[in-house]
Amino acid sequence: MSSSQTLGGASRCGWVLGPSLDKIIKNVAWRKHSQLVSSCKSVLDKLESLTDDASDPGSCSPLYGLSSSDADILLQPLIMALESRSPKVVEPALDCAFRLFSFGIIRGCEIQESSSLIYRLVDTVCKCSTLGDEAIELAVLEVLLSAVRSPSVCIRGDCLVYIAKTCYNIYLGGKSGTLQICAKSVLAQMMIIIFTRVEQNSMLADFKNVVVFELLEFADRNLNEGSSIHFSQNFINEIVEAKQSPPDSKHSSDERKNQSVNVSRFSGQNDLREDGFTLYKNLCKLSMKFSSQEHSDDRILSRGKVLSLELLNVIMANAGPVWHTNERQVLGCTNFCCLQLNQPLELTLNHVMYVVNLIKYNLLTNNN
């Protein structure tokens with residue numbers, strides 16, 4: 001194997017996984033992570049014998065063109081690398097996960113149960129956000145947005161909420177303005193993607209890119225560190241506009257389209273809308289959680305509350321007639337706004353009142 005492009009065999013998965021596992025082996029401390037090294041080498045050998053078999057469009061395998069049993073074996077070293085908590089090992093593993101989601105290699109599966117293989121992968125990615133390394137936190141944001149953005153998988157229920165809360169925590173704990181702006185932008189882009197799909201009830205719905213500068217209208221203007229806004233906008237655009245296949249891949253656009261459509265068979269008619277409503281309710285709960293009479297001057301609590309409300313406003317500003325005419329949603333939103341205006345606001349009074357009134361305005365305007 002003279003080139004990293006041939007490392008990993010002929011399968012689409014191998015094109016991405018092979019070079020990543022090779023880099024993990026080179027970065028790992030062999031004595032400390034001997035089991036990880038052994039697992040990586042074993043998978044590299046196995047990849048050499050695998051080719052894509054996309055003849056069964058109804059396959060429930062989480063990896064394109066491969067069997068479920070092969071997928072379980074191939075993803076184990078990636079999960080082990082993410083669990084190593086060593087930044088030099090975690091970084092290439094996160095980059096690999098990003099590519100697997102972005103290229104549609106992880107596909108055709110509904111992610112909501114903790115017993116599923118891809119839920120385990122998402123869980124280990126989320127836990128990497130606690131390493132305290134900014135480069136790792138940015139990579140986690142990159143993976144999570146690529147997972148939500150992918151039309152090839154359907155992230156549902158608690159897993160969807162878990163992803164949003166992970167991004168929340170990165171924002172609240174971010175040490176730099178750039179990281180906080182990126183986290184906030186990722187969350188806003190997720191809301192746009194999810195609720196555009198809610199409106200069209202389709203994983204293949206076209207959605208717009210978030211405009212980072214507009215997100216800083218209410219607060220966080222002081223976070224801009226020179227080129228932070230420009231960096232964050234490029235960060236979002238590169239994830240959202242990532243190509244759906246590896247470079248030089250011979251897979252056709254028709255194959256990729258069929259691969260994306262297959263995810264629809266996992267969801268009932270109203271599942272996307274039900275998940276949207278669940279996420280909306282959790283955002284409402286988060287905004288109430290961050291309200292505290294005992295700690296009304298706590299800056300973290302105040303920022304968390306404002307972020308929750310801003311994301312709810314993003315939802316209301318981008319949702320269409322289906323969402324705005326849903327009786328359950330309209331009633332819930334109206335009650336929520338009334339509760340917010342009766343909460344102790346102190347330090348964030350102006351921001352909170354402004355955003356709550358924007359939410360009400362968007363609700364009433366879109367209902368007319």
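This is a predicted model: local features need pLDDT of at least 70, side-chain atom pairs count only at pLDDT 80 or more; totals for chains, interfaces and linings use all residues.

Residues are numbered from 1 along each chain as its sequence is written, and side-chain values use heavy atoms, with hydrogens and water left out.

Cavities, then. A search of the whole structure gives three of 30 Å³ or more. By cavity I mean a set of points, on a 1 Å grid over the protein atoms alone, where a 1.4 Å probe fits but cannot get out; lining residues have an atom within 4 Å of a point. Points are joined across faces, edges and corners, and the volume is the space filled by probe spheres set on them.

The largest cavity holds about 150 Å³. Its lining has 14 residues, and Ile-155, Leu-160, Ile-194, Arg-197 and Leu-272 are the closest to its centre. Which elements give two or more residues to that lining? They are helix 6 (134–149), strand 2 (153–155), helix 8 (177–200) and helix 12 (271–289). Helices here are DSSP runs of H or I with at least four residues, strands are runs of E with at least two, and both are numbered from the N terminus. By type, the lining has 10 nonpolar residues, one polar and three charged.

Now helix 6 itself. Its 16 residues reach 22 Å from first C-alpha to last, close to the 22 Å expected at 1.5 Å a residue; the expected span is 1.5 Å times one less than the number of residues. Of those 16 residues, 13 are buried, meaning under 20% relative accessible area, with exposed over 50% and partly exposed in between (1.4 Å probe, protein chains only). At the start of helix 6, a side-chain oxygen of Asp-133 comes to within 2.9 Å of the backbone nitrogen of Ala-135.

Next, salt bridges. How many does the search of the whole structure find? Seven, taking a side-chain nitrogen of Lys or Arg within 4 Å of a carboxyl oxygen of Asp or Glu.

One of them joins Lys-26 and Asp-22 at 3.2 Å, N to O. Both residues are in helix 1 (residues 12–27), four residues apart, about one turn. Lys-26 is exposed at 64%, and Asp-22 is partly exposed at 23%.

Another pairs Asp-95 with Arg-99, with 3.0 Å between the closest N and O atoms. These two sit in helix 4 (residues 87–102), also four residues apart. An α-helix has 3.6 residues a turn, so residues three or four places apart point the same way.

Asp-271 and Arg-156 form a salt bridge at 3.8 Å, N to O. Asp-271 is in helix 12 and Arg-156 in the loop between strand 2 and helix 7 (157–173), so the pair ties together parts 115 residues apart in sequence. Arg-156 is buried at 9%, whereas Asp-271 is partly exposed at 22%. Arg-156, Asp-271 and Asp-275 are linked in a network of salt bridges.

Last, Asn-282, which is also in helix 12. Asn-282 is buried, at 18% relative accessibility, and its side chain reaches the backbone oxygen of Thr-278 at 2.8 Å.

Technical notes. On a 1 Å grid over the protein atoms alone, a cavity is a set of points where a 1.4 Å probe fits but cannot get out, and a pocket is an open set with protein on both sides within 12 Å along at least five of seven lines; lining residues have an atom within 4 Å of a point. Ala, Val, Leu, Ile, Met, Phe, Trp, Tyr, Cys and Pro count as nonpolar, Asp, Glu, Lys and Arg as charged, and the others, Gly among them, as polar. A polar contact is a pair of N or O atoms within 3.5 Å; within protein, one must be able to donate a hydrogen and the other to accept it, and residues adjacent in sequence count only if both atoms are side-chain atoms.
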